[in-house]
Amino acid sequence: MASVLVVDDERDIREAMTEALAHDGFQVIAARDGEEALRKLRAFHPSVVLLDLTMPRMNGWQFRAAQRADPDPEVAGVPVIVVTALGRPTGVDAEETIQKPFGVDELLRAVRRCARRGA
């Protein structure tokens with residue numbers, strides 16, 4: 001079973017993504033900011049990360065830089081989908097970008113594509 005780490009400081013968005021993914025059969029882990037996400041990424045090695053960019057403590061750009069710099073290839077190589085309201089963000093290396101607000105079908109299609117790449 002593929003697993004997804006959902007990273008968003010907005011509880012409603014985090015819960016909506018978690019519910020949709022779990023309903024579709026994914027194992028879901030959630031984090032409120034980049035620091036918590038980095039700990040969970042290292043502990044659980046999910047198949048895909050859904051990453052908000054604007055968060056407190058450690059934002060999405062900082063998370064992605066720390067992930068890419070990790071010496072463990074199972075951490076550094078996990079595919080990331082940026083989920084943001086910022087339009088087309090620059091300076092973040094991600095496999096895909098989803099614009100908020102998004103549809104559940106769009107989210108699930110992107111996660112399925114990236115989960116296959118990360119498998």
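Trainee: How far apart are the mean positions of the positive and negative charges of the protein chain?
Mentor: They are 2 Å apart, for 16 positive and 19 negative charges. Lys and Arg count as positive and Asp and Glu as negative, with His and the chain ends not counted. Each charge is placed at NZ of Lys, CZ of Arg, CG of Asp or CD of Glu.

Trainee: What should I know about the model itself?
Mentor: This is a predicted model, in which local features need pLDDT of at least 70 and side-chain atom pairs count only at pLDDT 80 or more, while totals for chains, interfaces and linings use all residues. Residues are numbered from 1 along each chain as its sequence is written, and side-chain values use heavy atoms, with hydrogens and water left out.

Trainee: OK, what is the secondary structure of the protein chain?
Mentor: Five helices and five strands. Helices (H or I, at least four residues) and strands (E, at least two) are DSSP runs, numbered from the N terminus. Along the sequence the pattern is β-α-β-α-β-α-α-β-β-α.

Trainee: And how does the radius of gyration compare with the globule rule?
Mentor: The radius of gyration is 13 Å, close to the 14 Å from the globule rule for 119 residues, so the chain is as compact as a globular protein of that length. The radius is taken over C-alpha atoms, and the rule is 2.2 Å times the number of residues to the power 0.38. The C-alpha atoms fill a box of roughly 35 × 30 × 20 Å along the principal axes.

Trainee: What share of the residues counts as buried?
Mentor: 46% of the 119 residues. Buried means under 20% relative accessible area, exposed over 50%, and partly exposed in between (1.4 Å probe, protein chains only).

Trainee: Which residues touch the most other members of the largest nonpolar core?
Mentor: L5, V7, A37, L41, V49, L51 and F63, in a core of 18 residues. A nonpolar core here is a set of buried Ala, Val, Leu, Ile, Met, Phe, Trp, Tyr and Cys residues joined through side-chain atoms within 4.5 Å. The elements giving two or more residues to this core are β1 (3-7), β2 (27-31), α2 (34-44), β3 (48-51) and β4 (80-84). Helix α2 gives the most, with three residues.

Trainee: Then V4: buried or exposed?
Mentor: V4 counts as buried because its relative accessibility is 1%. V4 lies in strand β1. Beyond its neighbours within four places in sequence, V4 is in contact with L21, F26, Q27, V28, I29, P46, V48, L50 and V111.

Trainee: New topic, the backbone. Which residues are joined by a cis peptide bond?
Mentor: K100 and P101, with omega about -5 degrees. P101 sits in the loop between β5 (96-99) and α5 (104-118).

Trainee: What about phi of H45?
Mentor: Phi of H45 is near 45 degrees, a positive value in a residue other than glycine. H45 is in the loop between α2 and β3, and it counts as partly exposed because its relative accessibility is 29%.
Mentor: R57 also belongs on your list: its phi is near 65 degrees, a positive value in a residue other than glycine.

Trainee: Where does R57 lie?
Mentor: In the loop between β3 and α3 (60-69). At 54% relative accessibility, R57 counts as exposed.

Trainee: Why flag these backbone values?
Mentor: Because most residues other than glycine have a negative phi, and most peptide bonds are trans.

Trainee: Last one. Where is T90?
Mentor: T90 is in the loop between β4 and β5. With 65% relative accessibility, T90 counts as exposed. T90 and G60 are 30 residues apart in sequence and 12 Å apart in space, C-alpha to C-alpha.

How values were computed. Contact = heavy atoms within 4.5 Å.
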